[in-house]
Amino acid sequence: MINIGDIIEVEIEKMTSLFEGVARYSNDKLVVFVPQGLPQEKLKVEIIQKNKSFLRAKIIEIIKPNKNRIKPLCALYNACGSCEVQHCTYNYSLLIKDDIIKDIFCSIIDKNKIYPIIKSPVLDQYRKKVQFPCTQTKNSKRILMGYYKKNSHNLTNIKFCPLIPSIMNEINEFIRDNCPVSCYVEKTKKGLLKNTIARFNHKNDLIITFVFNDKRFKNKDFELFCQKLVEKFPIVKGVFVNLNPNNTNTILSETTIKIIGCDCIVEQLDKYSYKIGPLSFFQVNPAAACELFRIIRDNIKDNAAILDAFGGVGAIGIYLKEKVKKTTLVEINKEACKLAKENYELNRVQNYEIFSGNALNHLEDFKKQGRAFDYVLLDPPRKGCDKNTLSLIKELTKNIIYVSCNPQTLKRDIIYLIEEGFKVEFLRSIDLFPYTHHIECVCKLSKEN
């Protein structure tokens, strides 16, 4: 019988969608998951978790390495939980992601319709949205900002991250040294500053949002600190405070106060411009997002009427403007709807309409009105679409283009749509998140009349 703490030898067969190596032990009866293991590697591992049907182990010794194994590019790779895929070459990580996607979808999609992954055009400093939880040490009250360790709420203090704009490392150091308010401690539920969120554009201008554990904001010292921050770093175009006293996993509330500077920054994707505010959703890797948007554009016929559900600030719809005769956008976030209108005007989109509120309610209205769309664009949160939403969408269109950052929920929703008569035209993944296990997918489905 095997127990926690035992050391065994295993050979990695394949990878999970979380980029853990998969091996088998005891005449194939037990599956062993090994973080940072790679296919074809022979490893000596220590059991750290035991379950009836599987084991989890950590690497003690690499007996036979995969030829694509490399030294991680970040010194904090093993301490930080933000990246899972720095221990192999980038091109090899793409091959693994391709295999993961095939494993997930080959049971429901013809393998010839699952196209190879598109690599990110940018690997260094590609993340244009940066989100750092904040806390402080118990005795010295030293401010810690960084990422949580894997599967924990233990914060790793990050002073340098190669995936974010380098200037952010300097800004974080300024915040650590000069922030005049206490930081939130999860155990005691006390302290003000919970998170620091920065959004960059193509020029590396940025807006910063500080998330406070409070219902109201009145702090002259913090206002003065924000002023000094902008003076020290002129690329900071606006500073905001978001008030979120709730003890939940939701980082931002709907209450945001501007402290100093501009209301938004302008991002550029090819020839299109987008205003982005402190609460706006926008792709974290704009260079790779262009690859995604081009795929969508190339798979839409001219003079189409599109419904952009979960439309955000209008990013995808605007990118399609040369091929679209009318765009209908639905978005639940009020700030995003306001910016979507401004973005349509900024990009001279001629024929559009915007509906603010829950998508399900508006879809029901469209059905009652007998409306139809040539294409429905779906880009929902990670949880995907519920059946009620999909059941309405199938009544409104014969063509769906579904963008997803979660292959598992995408598979669930594709299965439902196939059952309702849709066929998959293609599925393609784009590496929007290099060095992580995350995979963005776009899938086109159609139904004959």
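Does Cys106 count as buried, exposed or partly exposed? At 47% relative accessibility, Cys106 counts as partly exposed, where buried means under 20% relative accessible area, exposed over 50%, and partly exposed in between (1.4 Å probe, protein chains only). The model is predicted, so that local features need pLDDT of at least 70 and side-chain atom pairs count only at pLDDT 80 or more, whereas totals for chains, interfaces and linings use all residues. Residues are numbered from 1 along each chain as its sequence is written, and side-chain values use heavy atoms, with hydrogens and water left out.

The structure holds zero disulfides (a disulfide being a pair of cysteine sulfur atoms within 2.5 Å). For Cys106, the nearest cysteine sulfur is that of Cys441, 14 Å away. The sulfur of Cys183, a buried residue at 1% relative accessibility, is 5.2 Å from that of Cys134, which is too far for a bond.

There are 18 aromatic pairs, counted when ring centres of Phe, Tyr or Trp (its six-membered ring) lie within 6.5 Å, with planes under 30 degrees apart called stacked, over 60 edge-to-face and the rest tilted. Two of these pairs are tabulated.

| Pair | Centres | Planes | Class |
|---|---|---|---|
| Phe132 and Tyr147 | 4.9 Å | 40° | tilted |
| Phe174 and Phe225 | 6.0 Å | 15° | stacked |

Both Phe174 and Phe225 are buried, and they belong to one aromatic cluster whose members include Phe210 and Phe233.

The side chain of Glu267 instead reaches the backbone nitrogen of His202 at 2.8 Å.

Key. Polar contact = N/O pair within 3.5 Å; in protein donor to acceptor, adjacent residues only side chain to side chain.
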